[in-house]
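This report covers helix packing on a sheet, strand pairing, aromatic pairs and charges over rings.

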Amino acid sequence: MDYKKVVEKWLTGEFDTATKQEILDLQNTDEKALEDAFYKNLEFGTGGLRGLMGAGTNRMNRYTVGMATQGLANYILRESNVDKASVCISYDSRNNSKLFANITAEVFASNGIKVYIFDDIRPTPELSYAIRLKKAVAGVMITASHNPKEYSGYKVFWSDGAQITSPVDKAVVDEVAKISEPSQVKFNSDEASAQIISMGADVDQMYLTDILSLTLSPESREKHSDIKFVYTPLHGCGVRLVPESLRRIGFKNIFNVPEQDISDGNFPTVVSPNPEEAASMKMALEVAEKNRADIVMATDPDADRIGIAVRDENGNMLRLNGNQTASMLTYYILRRWKELGKLDSTKYIVKTIVTTDLMRKIAEDFGLKCYNVLTGFKYIAEIVKANEDSGEFVCGGEESFGFNAGQFVRDKDAQLTAALIADCAAWAADQGMSLYQLLQDIYARYGYHKEALTSLTKKGKSGLEEIANIMNNLRSNPPSAMADSKIIKVIDYLDTESTGLPKSNVLQLFNEAGDIVSIRPSGTEPKIKFYFAAKGDNADEKLLMLQKEFVK
């Protein structure tokens, strides 16, 4: 693509004045940034759009959002009964989220598709719930999840409440690719407003009632309702429902971080609104020390991921990673289900290929099957849908701080997970344990497992090329050993015949000691990710060795 010709087209075409001025400013100050904004079209991938906000074909803006929506609308109208087609839309607290949500609603409505849109910011899992509640054909969530403030995104969901997967994803991508100009988009019509219906507190109440029905230990909660929690939404939409969910199931002592309760797309008090990063919890941990709280919880801007910290044996706050939280909740839920007589051979759990093997061990100990799927909660939801008539999904998790249980929501859900963590804490207190002690008990039962993630950021066109070179070099010349143990197996997930899974740009290396290194480029950020998993009493030392060997 000759980006200069495209730039000229935008400067002379029917684009708004502010967009044209932004392009002119880039021409005068930053030619490299201008090229990056126009050298290609922002890719509508199998999950939707995600990218930097700004003017240009390679940016999130009203035109690229409109074009994506027109393509999606065309697919919906081709595949559905026009008179009955409807979609649900939600958005988070990011800059321009409401604008992009309203543009999305207008384009759908102008195409004759009924729209249910939330009246204010709402979490991604509630959108998943609403799609099935309203019997909608599809849904769109305007969010860039935990990305930096400069990003926005457009997640597409289907009628089952899950993000789109094959074959729908590829068919939608093809339709969106046919929309090459903003002039092809029905941005507004006189009839559009009549097709747009607001959703609000009524859906909130049904959602909370359903997901909180999945908690398991009411007697324990009643006895330990004084457990102290600190919760922060990190300026995102979790502020609306997470504290309410904890209060509804009986907990009284919930402390907030007032500065971070403010929904603000600039995320002014954090470098990154990502609970995976230690710095994001700094203010919440300070509140915890001031109030001698037992547990800290933090959710990302669209409130589908959650990070927690618990008191260790010395009374210090210890952050748990996503693998630890998922393993602890899996053990708790399966143990309680067994105690309640709810477990049988039809029940199962799901984890992703880069998530701790400890979850599989726990499931098998309770006699359950554990499915292993590609990275992304949509693949967990795909298993749930495929097994609707033959089995029951108990819970599923991924290392990137995502967890879910039951079938009301077909995505990771921080509201439900927060409630389950509190539920688990009360039950553990009944056993004379803290959450930290419960985790140590799990390690004693199943062996010590420790995981770590290192990400390398490689921005722009050159960054994509560098990431590709790293993957190519590892494929053509993998190491013979890692952490002083011989590599005995390499899995390349581009080889669908051997994996039985959809093609994915992921490599996994296994050594004799049972350690695993997984390498994959991020599908949503300019990063390549290295996932390290070690087993045994010396797992911490082995993790350091693995990181030094692979990240240089």
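## Helices on the sheet

Helix α11 (residues 282-291) lies across β7 (228-232), β8, β9, β10 and β11 and runs at about 160° to β7. Helix α16 (residues 435-446) also packs on the sheet, where it touches β9, β10 and β11, and its direction makes about 95° with that of β10. Contact means heavy atoms within 4.5 Å. Axes are lines fitted to C-alpha atoms, for helices over the stretch in contact, and angles run from 0 to 180 degrees between N-to-C directions. Helices (H or I, at least four residues) and strands (E, at least two) are DSSP runs numbered from the N terminus.

The model is predicted: local features need pLDDT of at least 70, side-chain atom pairs count only at pLDDT 80 or more, and totals for chains, interfaces and linings use all residues. Residues are numbered from 1 along each chain as its sequence is written, and side-chain values use heavy atoms, with hydrogens and water left out.

## The sheet

Five strands form an open sheet in the order β8-β7-β9-β10-β11, and the pairing is mixed. Its edge strands, β8 (253-256) and β11 (317-320), each pair on one side only. From one strand to the next the twist averages 25°.

Two strands pair if DSSP finds at least two bridges between them. Strands β9 (residues 295-299) and β10 (residues 306-311) pair in the antiparallel sense over five bridges. Opposite M297 stands I308 in β10.

## Aromatic pairs

Rings of Phe, Tyr and Trp (its six-membered ring) pair if their centres lie within 6.5 Å; planes under 30 degrees apart count as stacked, over 60 as edge-to-face and the rest as tilted. This rule gives 17 aromatic pairs. The ring centres of Y75 and W158 are 5.6 Å apart with planes at 50°, so this pair is tilted. Y75 lies in helix α4 (residues 62-79) and W158 in strand β5 (residues 151-158), so the pair ties together parts 83 residues apart in sequence. Y75 counts as buried (under 20% relative accessible area, with exposed over 50%, partly exposed in between; 1.4 Å probe, protein chains only) at 7% relative accessibility, and W158 counts as buried at 13%.

Y332 and W427 have ring centres 5.3 Å apart and planes at 50°, so they too are tilted. This pair links helix α12 (residues 322-339), which holds Y332, with helix α15 (residues 414-430), which holds W427, 95 residues apart. Both Y332 and W427 are buried. One aromatic cluster is formed by W10, F15, F38, Y63 and F187.

## Charges over rings

A charge sits over a ring if NZ of Lys or CZ of Arg is within 6 Å of the ring centre and within 35 degrees of the ring normal. K342 lies over the face of W337 at 4.1 Å from the ring centre. The charged end of K369 sits over the ring of Y371, 4.7 Å from its centre.
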